[in-house]
Amino acid sequence: LFLLDYDGTLIGLADRPEKAGPDKKLCNLLSSLNKSPNNELVIISGRDKDTLERWFSGFDISLIAEHGAWLKAKGSRKWHLIEPLRDDWKDTIRPVLELYADRTPRSFVEEKDFCLVWHYRRSDSALANIRSQELRAALMDLTANLNIGVFEGHKILEVKNIGVSKGRAAQIWLQKEKWDFILAAGDDYTDDELFEILPTEAYSIKVGDGISKARFNVYTVDEFRAILNILTETQNDK
């Protein structure tokens, strides 16, 4: 069982979300991993489901979108919500994010079905750091009585439903059968929610610097891809 984050794990982080589609080497790597009928490959991403569908429709793999809100099992044509979710809170939060996007040049707001994200990777770092702290404080007040949380990632602030997590979604696959090998990998705080629910025999890898609940660490996407390539070569030798 392979439980793999996408951005920052399988592909490098891009200044705009639409620029981070899978390259040819990654497509070949995923195809090799997926060759064995014993392998179950699950991409668990913060991306919206339409983007994942567009990028991975040619692969017979399982997909989890919006950090666990949407699920699409291998072989299925339909996406399913992990639970009934509300999105009416976005009408309250969206204007605040858009205000900060206007006040912070080169930042922008990304809207998903059950998530809003303020991106500031391309902004002046000094100004963006000030604005992000201001925005976080404002959002904490606004969300105090709502079932949503404010989360800080790589040059982003994300607002999403509290009950949704990669770990909760991954449980569905972990419980499908008794796996003889489990590998999970990710690069940010959302992946710690996955790492902490893994069985003790599982292999978990944090990609990048920083404290993590993963058992192991590599520093770059290329290093993690190299591990997957070794696994595919070993698999093919067998």
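**Cavities, sheet and confidence**

Reply: Glu66, Ala69, Phe114, Lys160, Asn161 and Val164 line the second largest cavity. A cavity is a set of points on a 1 Å grid over the protein atoms alone where a 1.4 Å probe fits but cannot get out, and lining residues have an atom within 4 Å of a point. This is a predicted model, where local features need pLDDT of at least 70, side-chain atom pairs need 80 or more, and totals for chains, interfaces and linings use all residues. Residues are numbered from 1 along each chain as its sequence is written, and side-chain values use heavy atoms, without hydrogens and water.

Me: How many cavities of 30 Å³ or more are there in the whole structure?

Reply: The search of the whole structure finds two. A volume here is the space filled by probe spheres set on the points, with grid points joined across faces, edges and corners.

Me: Which residues are closest to the centre of the largest cavity?

Reply: Asp7, Leu13, Arg47, His119 and Ile156, out of the 25 residues that line the largest cavity. The elements that give two or more residues to that lining are β6 (108–112), β7 (115–119) and β9 (156–161). Strands (E, at least two residues) and helices (H or I, at least four) are DSSP runs, numbered from the N terminus.

Me: How do the residues of that lining divide?

Reply: The lining of the largest cavity has six nonpolar, six polar and 13 charged residues. For the second largest cavity, the lining divides into three nonpolar, one polar and two charged.

Me: New topic, the sheet. What order do the strands take?

Reply: The order is β5-β4-β3-β2-β1-β10-β11-β12, an open sheet of eight strands with mixed pairing. Its edge strands are β5 (80–81) and β12 (216–218), each of which pairs on one side only. Two strands pair if DSSP finds at least two bridges between them.

Me: And β1 with β10, parallel or antiparallel?

Reply: Parallel: β1 and strand β10 (residues 183–186) pair in that sense over three bridges. Phe2 stands opposite Leu183 in β10.

Me: Where is confidence lowest in the chain, and where is it highest?

Reply: Helix α7 (residues 221–237) is lowest, with a mean pLDDT of 87, and strand β1 (residues 2–4) is highest, at 97. The chain averages 91, and 99% of the residues score at least 70. pLDDT is the predictor's confidence in each residue, from 0 to 100.

Note on methods:
On a 1 Å grid over the protein atoms alone, a cavity is a set of points where a 1.4 Å probe fits but cannot get out, and a pocket is an open set with protein on both sides within 12 Å along at least five of seven lines; lining residues have an atom within 4 Å of a point. Ala, Val, Leu, Ile, Met, Phe, Trp, Tyr, Cys and Pro count as nonpolar, Asp, Glu, Lys and Arg as charged, and the others, Gly among them, as polar.
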